[in-house]
Amino acid sequence: MLIVERIVLETIRMRLRQAFRISSGVQEERRIVLVRLEAASATGVGECVAGEEPNYSYETVDTARWMLERHLCPAILGLEFPGPRELAHALTRALRGHPMARAALEMAAWHLDAEQRGVPLATALGGEKDRVEVGVSIGIQSSIEELLAEIGRYVEQGYRRVKLKISPGHDIEAVRHAREAYPELALQVDANAAYTRADIDHLRRLDAFGLLMIEQPFAEDDLVSHARLQALTETPVCLDESVASAADCETALALGAAGVVNIKPGRVGGFTEAVRIHDLCADAGIPVWCGGMLETGIGRAHNVALASLPNFRYPADLSASDRYWDRDVIEPPFTLEPDGTLLVPRRGGLGVDIDERFLDALREDHMTVESTA
Ligand code: OSB
Ligand code: MG
């Protein structure tokens, strides 16, 4: 049973070790909203994946924070829910859209529930694996030399799958060089919606490089173009931005717009919807994998737990803590195993400790939302 007595909304600021450039913008630093749900005997924490600018999605750090304070926290405070799925349902009723804001609270509720019951979060979600295969997502680089150096650095560290961000002008040649330098590497690309239907023939040239998939080439609302490309290309087309719910996913599969689906719980409103999408794809014979949004160790622990479900069949965009941060906010940080995996924490709840002292130093502001009832 879940009864949240107090919610603390806080914003932390953390500098990425390296700027991360995608087709729609660049991030050097992250401002991150954390949602702390306090019940009588335990606390659950959720991390909001919204970025500073509305480029990947219409949501931003500030819109998410506002929706949480004004609409989402009041919808659950002091109420009794049998479990996190019922709480998720109350959040869906509380407002349209804003899945990233909703997810931060919803994932905190799953975390809280797992803590209360002393069950590992992965087990609570239906996870089965004890380790998850991971890769690294490399931002757009200013030259081919730099790109090859970046790939080399991560291959050296033991990553076995690399995702390259592409955009018009930074695509075929970059992939050709990467493939020539690393003939055996599992490679895939992500366009973050940078192309249009007119580019279909251009994108078909990627078939020559044996990619695992091409992720989100077209606009998020343009499922028809994704379906056209999928009909004309050997390379599986993967959807990311286009899938904000299980209903979106169902539509995409009905259209033949996806051969693979990237699931980010933070993008789809939380774990309840993420598991639905996982199950829907499993029934349709479509593999899924777990994406990332440059999370701290808290969001990473959540994602690793989800990626332990059985239909997560491609390596995740969940790299070790040191790929993102000089110092992570959890103890121990995530490290890459020699077999290219991250271990799924076995302990009850989140399975890693949150470094509260360090969070104190990163915090820009915080507020408490309490039940008015
Ligand atoms: O499209 O998958 C994406 C980061 C920010 C915004 C969008 C994306 C990404 C990533 C990062 O690819 C993956 C990671 O967290 O390592
Ligand atoms: Mg993506």
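Visitor: Which protein donors does the magnesium ion (ligand 2) have?

Guide: Asp190 (OD), Glu215 (OE) and Asp240 (OD), lying 2.1 to 2.3 Å from the ion. Donors are N, O and S atoms within 2.8 Å of the metal (3.2 Å for Na, K and Ca); water is not among the atoms, so sites may look incomplete. This is a predicted model: local features need pLDDT of at least 70, side-chain atom pairs count only at pLDDT 80 or more, and totals for chains, interfaces and linings use all residues. Residues are numbered from 1 along each chain as its sequence is written, chains are lettered from A and ligands numbered from 1 in the order written, and side-chain values use heavy atoms, without hydrogens and water.

Visitor: What spacing do the donors follow?

Guide: D-x24-E-x24-D along the chain. Asp190 sits in strand E9 (residues 186-190) and Glu215 in strand E10 (residues 214-215), so the pair links distant parts of the chain, 25 residues apart. Strands here are DSSP runs of at least two residues, numbered from the N terminus.

Visitor: Is Asp190 buried or exposed?

Guide: Buried, at 0% relative accessible area. Glu215 is buried too, at 0%. Buried means under 20%, exposed over 50%, partly exposed in between (1.4 Å probe, protein chains only).

Terms used: Helices (H or I, at least four residues) and strands (E, at least two) are DSSP runs, numbered from the N terminus.
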